[in-house]
Amino acid sequence: MKLLDAEIVNNIRIGEGLYKMEFFSPYLCKNFKPGQFINIKCSPEGLFDPFLRRPFSIYDIENNFNVVSVLYLVRGKGTKYLSGLEKGDNINFCGPLGNPLSFENDKKVLLIGGGIGIAPLYLMAKKLSGQGALVYFLCGFKESNFRLLEKDFLRLNADYKIYCEDGMWGEVGIVTDEFASGKNKFEDYKVYCCGPLEMLKKLQAIFSKYNNTVIAILEEKMACGIGVCMGCAVKIKQKGGFAYKKVCSDGPSFNLEEVLFG
Amino acid sequence: MVKEKGPNLKVNLGTIELDNPVITCSGTFSSGLEYGKFYDISKLGAVTTKSFSLKPKKGNEPPRTCEVACGLLNSIGLQNDGINSFKKDHLPYIKKLNIRVILSIFGQDIAEFRKIAKEIVDIRQDIIALELNLSCPNVEKGGMAFCTSTDDIKNITHEVKQITKIPVIVKLSPNVGDLSMPAISAREGGADAISLINTVIGAAFDIDSFKPKLGNIQGGLSGPAVKPIAIANVYNLYKENILPIIGMGGIYSWEDAVEFMIAGAKAIGLGSVNFVNYMAGIEILENIKKYLTSKNITDINSIIGRASDKIKR
Ligand SMILES: Cc1cc2nc3c(=O)[nH]c(=O)nc-3n(C[C@H](O)[C@H](O)[C@H](O)COP(=O)(O)OP(=O)(O)OC[C@H]3O[C@@H](n4cnc5c(N)ncnc54)[C@H](O)[C@@H]3O)c2cc1C
Ligand SMILES: Cc1cc2nc3c(=O)[nH]c(=O)nc-3n(C[C@H](O)[C@H](O)[C@H](O)COP(=O)(O)O)c2cc1C
Ligand code: FES
């Protein structure tokens, strides 16, 4: 974990409100592991508006060029600031933060991403297929603004399927439609998922009937990102009740069946 | 080897001696472990721990933080693993990292403070001071009630000091109006110093869902938004000359830190800035040194309370 400045190599709009930022970071290329995240300062040097750093996943790593990329949706002040940065500008980030996922022994993997939740999964898909695992990447989007990412998916040595609610891309519907038949097509798969709360809740209900191990990468508002403030608490089931765990330093991934959604 | 001679940075808060005035605020630095990965935190004047209670405390319902203009609302609810966890899990690395530590404690009533104090007696030599959190706005029963009762402040301070024989700092809340009475009670109880301010009560609501943005509805505001409130309190209490002051609330830069000292703070506490700039402690310390050198000031004590010069004359 280091606090570093990095030079932006590219920061392009790839769809409505969706951007991909690439920056030069030999350190992250070497040390970042899927499942982790970085905390980016989204204001000019010396200024603190917005006040807090913002957490982001790493979408892809290009080891040959020492470049990493962040896929992000413009939501508010922080991401709006990022979207205005240009090639040659610097960002200040801290990372890698959080715990890496251990998937070295996974042979068959189902990745389920909803919206921007695909961001941490793409790199996983790449690494998993690289290690010879059978990967099925299931993605769900509200709108087709993520459509240009299809060329990234095509480059993966993995099967993928797109659900899109606006009917403009892939199949019409939402990812959980994949399980509508009530039959588990992925019996011997390890599952990783990331996405909106509603999707995670539905998946929790669906997989409660099956035996798969399901890991969820969670999001929570963060203040420090390094385990100090206790701000990013989630409820994790425990004997006789629950315990608060910190998404930033105990997670961000947890066993989906153990998460107690509010 | 000739030792470079910089300005004197040593300050005393009653019987508490600090190598320099830069301290971290309770709840914003854990006990230092995480920040030790970024810089040598033994260089700080002191590190104040998260507030510990007698027994573990679960904390409040999420969401627990909410960013607002120039600040942060939090309703963590004093989540902590209890005083024994401090002794068992934190103290070993505190010693290893050579941190000068101020232990922050809080209780629901005098009896709990007494019990915590007894737990601390055997680690007395490892702690430079105790900070009594009598002021956190997150806990309905605890802090707020004490801060309004000057008798409680006096009695708790007195008992804790009697039992532990450790210097005591009383932390005050800005939510009770005038801080003179609580400060005087702290002095009567035998406190060595006061620290101010704790967070300011605040709330925020979502205009789409109509819901509060914090699980606990209300929380404590920190960050640059509260700085003028803190500065005014420090300035007023300094003039009354009740006890040495550790000033905190919205410090983001070395300039802010110097401003607090000029208002009357003998030491300064860095809080939420640590969430944004993980190197804030060391950077602010180094820049205070540079500031003093550039102004040919040889002793930091000479700037403390300078804002009141006119009034003194
Ligand atoms: C571990 C982790 C990894 C993440 N990875 C990515 C990523 O790769 N790409 C990406 O686009 N986003 C990611 N996010 C979400 C991202 O941090 C938020 O979108 C961002 O903080 C919004 O900042 P803002 O200033 O633009 O919006 P704000 O003005 O702060 O908020 C705008 C909206 O975004 C919501 N929001 C704010 N912070 C978060 C948060 N931490 N999590 C969820 N929603 C939030 C708010 O509730 C609000 O509705 C991640 C979050 C976490 C916790
Ligand atoms: C997330 C968070 C947790 C805090 N926890 C405590 C605590 O446990 N005990 C305490 O006395 N003060 C606590 N505080 C208050 C700070 O110590 C400090 O008084 C306040 O934040 C003002 O300083 P700042 O504006 O620099 O953050 C907390 C503040 C924040 C932001
Ligand atoms: S964001 Fe501070 S503990 Fe997780």
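**Figure 1. Chain B as a whole.** Of the 313 residues in chain B, 55% are buried. The chain belongs to a predicted model. Its secondary structure consists of ten helices and 14 strands. Along the principal axes, the C-alpha atoms of chain B occupy a box of roughly 60 × 50 × 45 Å. Among contacts in chain B with a separation of 6 or more, 73% link residues 24 or more positions apart.

**Figure 2. The site around ligand 2.** Ligand 2 has 28 residues around it, and those that come nearest are B:Cys25, B:Gly27, B:Ser222, B:Gly271 and B:Ser272. The site is shared between chains, because residues from both chain A and chain B surround the ligand. By residue class, the shell around ligand 2 contains 16 polar, ten nonpolar and two charged residues.

Figure 3. A residue is counted as buried here if 20 or more other C-beta atoms lie within 10 Å of its own.

**Figure 4. Pairing partners of β7 in chain B.** Strands of a sheet pair through backbone hydrogen bonds, in either a parallel or an antiparallel sense. Strand β4 (residues 46-48) of chain B runs parallel to β7(B) and is joined to it by two bridges. B:Val47 has B:Val101 as its bridge partner in β7(B). Strand β8 (residues 129-133) of chain B also pairs with β7(B) in the parallel sense, over four bridges. Opposite B:Ser104 stands B:Glu131 in β8(B). Together with helix α2 (residues 110-120) of chain B, the strands β7(B) and β8(B) make a right-handed β-α-β unit.

**Figure 5. Two loop residues of chain B with positive phi.** B:Leu78 is not a glycine, yet its phi is positive, at about 60 degrees. This residue is found in the loop between β6 (71-74) and α1 (83-96) of chain B. B:Leu78 has 24 other C-beta atoms within 10 Å and is therefore buried. B:Asn98, another residue other than glycine, has a positive phi near 65 degrees. The loop that holds B:Asn98 runs between α1 and β7 of chain B. B:Asn98 has 11 other C-beta atoms within 10 Å, so B:Asn98 is exposed.

**Figure 6. An open sheet in chain A.** Seven strands of chain A form an open sheet with mixed pairing, in the order β11-β10-β9-β8-β12-β13-β16. At the edges stand β11 (171-172) and β16 (253-255) of chain A; each has a single partner strand, so one side of each is left without a neighbour in the sheet. Strand β10 (residues 159-164) of chain A pairs with β11(A) over two bridges in the parallel sense. In this pair, A:Val172 in β11(A) is opposite A:Cys164.

**Figure 7. Strand β6 of chain A and its antiparallel neighbours.** Strand β6 of chain A spans residues 67-73 and is mostly covered, with six of its seven residues buried. Strand β2 (residues 18-24) of chain A pairs with β6(A) in the antiparallel sense over seven bridges. The bridge partner of A:Phe24 in β6(A) is A:Val67. Strand β5 (residues 60-62) of chain A also runs antiparallel to β6(A), and three bridges join the two. A:Val67 in β6(A) stands opposite A:Glu62. Four residues lie between the strands of the β5(A)-β6(A) hairpin, in which A:Asn66 has a positive phi near 55 degrees.

**Figure 8. Two cis peptide bonds in chain A.** The bond between A:Gly95 and A:Pro96 is cis, with omega at about -10 degrees. A:Pro96 is placed in strand β7 (residues 90-97) of chain A. A cis peptide bond also leads from A:Gly251 to A:Pro252, where omega is near 5 degrees. A:Pro252 is placed in the loop between β15 (241-246) and β16 of chain A.

Conventions:
Residues numbered from 1 in each chain as written. Chains lettered and ligands numbered in written order. Predicted model: local features only at pLDDT ≥ 70, side-chain atom pairs only at ≥ 80, totals over all residues. Near = placed C-beta within 6 Å. Nonpolar A, V, L, I, M, F, W, Y, C, P; charged D, E, K, R; others polar. Pairing = 2+ DSSP bridges. Right-handed = clockwise from strand over helix to strand, strands pointing away. Buried ≥ 20, exposed ≤ 12 C-beta atoms within 10 Å, placed from the backbone. Contact = placed C-beta atoms within 7 Å.
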